[in-house]
Structures are given as structure tokens and as C-alpha cells.
Amino acid sequence: MFEIRKIKPIDTYEIRHRVLRPHQNFEACKYDTDYMEGSFHLGAFYGDKLVSIASFCLEKHPAFPFEKQYRLRAMATLEEYRTKGAGRALVKEAEDIIKGQGINFLWCKGRTSVQGYYKRLGFKPYGEVFDYPPIGPHIIMYKGL
Ligand SMILES: CC(C)(COP(=O)(O)OP(=O)(O)OC[C@H]1O[C@@H](n2cnc3c(N)ncnc32)[C@H](O)[C@@H]1OP(=O)(O)O)[C@@H](O)C(=O)NCCC(=O)NCCS
């Protein structure tokens, strides 16, 4: 149903702004990790329309022992296209890319409101819920690949 393609950071900003940071200015949708070495961005397309995005960067969380880890950031699907498998398809494609680099660990700061989504994708929670201003409660979610 969805075609997964690599996209550029600039392609993610509109959905990041609309879905993830509607109350912040557009600049807040540009992340310091967007152009880091190893970073990549995926989009799920329904026809020509970009409906879901996710970004991935090389970042080690100190709680985990693996030297090379990927972090998932800014996962978002447009409201009218949710629960149709776009998010899952993006993460699956990313996992294949990451494993292809010989890296076997993926983590994110997940909003507690969508913890169930990450669990469906095989992520486990780590540690306590924490506040991530100005967005709200988050929890670290992780997955061995
Ligand atoms: C979370 C989000 C990215 C999920 O995207 P999606 O494209 O709807 O996800 P999928 O359709 O691939 O869902 C995969 C599975 O998770 C389930 N799921 C989706 N959203 C869920 C939620 N909020 N809670 C629990 N389960 C959820 C789906 O039903 C599906 O289940 P299945 O295993 O039976 O197939 C989307 O709801 C979203 O953009 N939310 C608002 C932004 C947000 O909170 N992003 C995360 C920031 S950390």
C-alpha cells in the first residue's frame, strides 16, 4: 500500500511541524542530527503523497553497551493515514538498512501516548518516564535487531 523511499531532511519538516510540533516555530523542526554522518530519512508515500516520516541517526544512548547504535527520531504519520501500516513499513525498511551496516541496536525517546505503537513494533521500554519539554512525557524504547 505504501512505497518507502529515502527522503531529504527538508522533506520531513512540514509533517514534523504539523504532527509533532504544531505549537513551536518551524525552526524547531530542524534537528541538529539531520545532516550528521550516518543520518538517513525515510518517507512512506501513498501514490505521490508523503504521508509518514521517520529519521535515523547514529547516536549512542549511555544506558546501552553497544558501541554503535541508531536512534529513531521524529516518527509521524498524517492523521488520516494512521493505523494502515505506514509507520511499521518505515521502521522495517530502516531496520534492514541499519542491519546492513552491521548495527544491531535501535532506540528512541518515545512519547508515552504512543508507547503501544512501539511495543507492536517490538520495542521494549527502558527506565522511568521523563518529561521532554515542551512536548511532554516520554520513555526510552529500544529494540535489538
Ligand atoms: C505513532 C504513529 C507514528 C503510528 O503511525 P502509523 O502509521 O499509524 O502506524 P502503523 O499503522 O504502522 O501501526 C503499527 C501497529 O501499531 C498499532 N498502533 C498504531 N498507533 C498506535 C497507538 N497510538 N497506540 C497503540 N498501537 C498503535 C497499529 O494498530 C498497528 O498494529 P498491528 O501490529 O496490529 O498492525 C502515529 O500514530 C503518529 O504519527 N502519531 C502522532 C505523532 C507521534 O506521537 N509520533 C511519535 C513520536 S515519539
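Author: Let me begin with two terms. A residue is buried if 20 or more other C-beta atoms lie within 10 Å of its own, exposed if 12 or fewer, and partly exposed in between, with the C-beta atoms placed from the backbone. A nonpolar core is a set of buried Ala, Val, Leu, Ile, Met, Phe, Trp, Tyr and Cys residues joined through C-beta atoms within 7 Å. This is a predicted model, in which local features need pLDDT of at least 70 and side-chain atom pairs count only at pLDDT 80 or more, while totals for chains, interfaces and linings use all residues. Residues are numbered from 1 along each chain as its sequence is written.

Reader: OK, so how many residues has the largest nonpolar core, and which have the most contacts inside it?

Author: The largest nonpolar core has 25 residues, and those with the most contacts inside it are A54, F56, L72, L90, A94, L106 and M141. At least two residues of this core come from each of β2 (40-46), β3 (49-58), β4 (70-77), α2 (86-100), β5 (105-111) and β7 (136-144). Helices (H or I, at least four residues) and strands (E, at least two) are DSSP runs, numbered from the N terminus. In general, nonpolar side chains tend to be buried together in soluble globular proteins.

Reader: What is L72 in contact with?

Author: Once its neighbours within four places in sequence are left aside, L72 is in contact with A54, F56, L106 and C108. Two residues are in contact if their C-beta atoms, placed from the backbone, lie within 7 Å.

Reader: Stepping back, how many helices and strands are there?

Author: The protein has three helices and seven strands, and from the N terminus on they run β-α-β-β-β-α-β-α-β-β. Of its 145 residues, 26% count as buried. Among contacts with a separation of 6 or more, 62% are between residues 24 or more positions apart.

Reader: And what is the radius of gyration?

Author: The radius of gyration is 14 Å, which agrees with the value near 15 Å that a compact globule of 145 residues would have. That quantity is taken over C-alpha atoms, and the globule rule is 2.2 Å times the number of residues to the power 0.38.

Reader: Where do the buried residues of α1 sit around its axis?

Author: The buried residues of α1 (9-20) are T12, Y13 and R16. Seen down the helix axis, they fall within an arc of 120 degrees, so they line one face of the helix; the arc is that of the directions from the axis to the C-beta atoms. Their cover includes β1 (3-7), β2, β3 and β4.

Reader: Changing topic, which residues come nearest the ligand?

Author: Of the 20 residues around the ligand, T77, R82, G87, R88 and G116 come nearest; a residue is near a molecule or strand if its C-beta atom, placed from the backbone, lies within 6 Å of it. Two or more residues of this shell are given by each of α1, β4, α2, β5 and α3 (115-120). The shell divides into seven nonpolar, eight polar and five charged residues, where Ala, Val, Leu, Ile, Met, Phe, Trp, Tyr, Cys and Pro count as nonpolar, Asp, Glu, Lys and Arg as charged, and the others, Gly among them, as polar.

Reader: I also wanted to ask about the backbone. What is phi of A74, and of T83?

Author: As background, most residues other than glycine have a negative phi, and most peptide bonds are trans. Phi of A74 is near 55 degrees, a positive value in a residue other than glycine, and phi of T83 is also near 55 degrees. A74 lies in strand β4 and is buried, with 22 other C-beta atoms within 10 Å. T83, by contrast, is in the loop between β4 and α2 and counts as exposed, with 9 C-beta neighbours inside 10 Å.

Reader: Which residues does a cis peptide bond join?

Author: A cis peptide bond joins P133 and P134, with omega about 0 degrees, and P134 lies in the loop between β6 (124-132) and β7.

Reader: Last one: is L78, back in that other loop, buried or partly exposed?

Author: L78, in the loop between β4 and α2, is partly exposed, with 17 other C-beta atoms within 10 Å. Leaving aside neighbours within four places in sequence, L78 is in contact with I15, V19 and V51.
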